Amino acid sequence: MNLAGRELELTDRGLSAHRVRQLLMQGLTAKPKTLPCALFYDKVGSRLFEQICELDEYYPTRTEIGIYRRYMGRITDRLGPRCAVIEYGSGAGVKSRMLLDALDEPVAYVPIEISPQALIESCAELVMAYPQLEVLPVCADYTQPLDLPRPRESPDRWAIFFPGSTIGNFHPAQAAAFLRRSAQLVDHQGVMVIGVDVPKDPAVLEAAYNDRQGVTAAFNLNLLRRANHQAGADFDLSAFRHRAVYNADHHRIEMHLISRRAQTVHMGGRTIHFAPGESILTECSYKYSPAQFASVAQRADWRPREVWTDDRGWFSVHLLEK
């Protein structure tokens, strides 16, 4: 892959068309119906998510960026010089640039992104901004086990960067398993910098996932458009509505697609029935207090070292050591 005059080797382990169809069929024939978050991020979904991050109601992105602006010097002091960075879900790369700008002589950057288009676009900007940095892009579903490329030059330390509170999309046991797998990607001096959303007023949480402009609704409904496009389904998108609600018992936001009527959908030779009001669960977003998340990390082979929050205590950024 040639970007800005530099030849980059793209490791492509992204979702194949067959795997997308398989995930859709498994989820839509399950009881209750559910779909994995990885399916959100095709080309359309990735662009819609970038729009979500700019919404007034969606506080996580700007709150986390505020924490980095305030504390990035302290964060990178902990990481030290000549660091190699692995980033999960690199997206548009705004937070990546903040980290790379503050690091002392970073050796390599390994962005992992499920959307090939988003990965190519962010890497094109990175190679121009950091001509001396070795960039090793990986198109993959990072929720699965990974075998990552290694840089030509050995770093003094490996760091995993996982901003955006995406750890909340894992159920707690899955989050611990994911963190444990992540610990295996770095050496004994490895560290992780991870963003975590914090419990707060349910009205604030629900507003963040039910924006007035309907961008989150379009993002959610894009799953059905993707099923039509990539799996030959015949969803009528107007027959479903977006709903996001806070589940206080589980400390999580749940996103659903609700069937407006009794209907049948055809996909891959199967007929899928929907009752009026039946839901497809498309995302859970768990919220953790700093102490709750530290407990999860400790059970997953990480040692919590420091945590930074905004003035309102709405979001936290954790530094973990292996």
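Which hand does the crossing of H3 and H4 have? Keep that in mind while you set up the viewer.

You're looking at a predicted model, in which local features need pLDDT of at least 70 and side-chain atom pairs count only at pLDDT 80 or more, while totals for chains, interfaces and linings use all residues. Residue numbers start from 1 along each chain as its sequence is written, and side-chain values use heavy atoms, leaving out hydrogens and water. Helices (H or I, at least four residues) and strands (E, at least two) are DSSP runs, numbered from the N terminus.

**Stop 1: H3 and H4**

Select helix H3 (residues 59-79) and H4. Their axes come within 9 Å and cross at roughly 25°; axes here are lines fitted to C-alpha atoms, for helices over the stretch in contact, and angles run from 0 to 180 degrees between N-to-C directions. H3 and H4 are therefore roughly parallel, on a scale where angles under 35 degrees count as roughly parallel, over 145 as roughly antiparallel, 65 to 115 as roughly perpendicular and the rest as oblique. As for the opening question, the crossing of H3 and H4 is right-handed: a crossing is left-handed if the near helix is turned anticlockwise from the far one by less than a right angle, and right-handed if clockwise. Show side chains for the contact (heavy atoms within 4.5 Å): H3 contributes residues including Ile-65, Tyr-68 and Met-72, and H4 residues including Val-94, Met-98 and Leu-99.

**Stop 2: strand S4**

Now pick S4, residues 83-88. Six of the six residues in S4 are buried, so the strand is largely enclosed by the rest of the structure; buried means under 20% relative accessible area, exposed over 50%, partly exposed in between (1.4 Å probe, protein chains only). In a regular strand, side chains alternate between the two faces of the sheet. On S4, Cys-83, Val-85 and Glu-87 sit on one side, Ala-84, Ile-86 and Tyr-88 on the other, and all are buried.

Two strands pair if DSSP finds at least two bridges between them.

Bring in H4 (residues 94-102): S4, H4 and S5 make a right-handed β-α-β unit. That hand applies if, with the strands pointing away from the viewer, the path from the first strand over the helix to the second runs clockwise.

**Stop 3: strand S8**

How many of the residues of S8 are buried? Six of its six, so to speak a mostly covered strand. Arg-157, Ala-159 and Phe-161 lie on one side, with Trp-158, Ile-160 and Phe-162 on the other. Four bridges link S8 to the parallel strand S9 (residues 191-197), where Met-192 is the bridge partner of Ile-160. Select H6 (residues 172-183) too: S8, H6 and S9 form a right-handed β-α-β unit.

**Stop 4: around H8**

Finish with H8 (residues 215-231) and H1 (residues 17-28), which pack at about 130° with axes 10 Å apart. H1 and H8 are therefore oblique to each other, and their crossing is left-handed. Ala-17, Val-20, Arg-21 and Leu-24 of H1 meet Arg-226, Ala-227, Gln-230 and Ala-231 of H8.

Among the residues in contact are Leu-48 and Phe-49 of H2, with Phe-219 and Asn-222 of H8.
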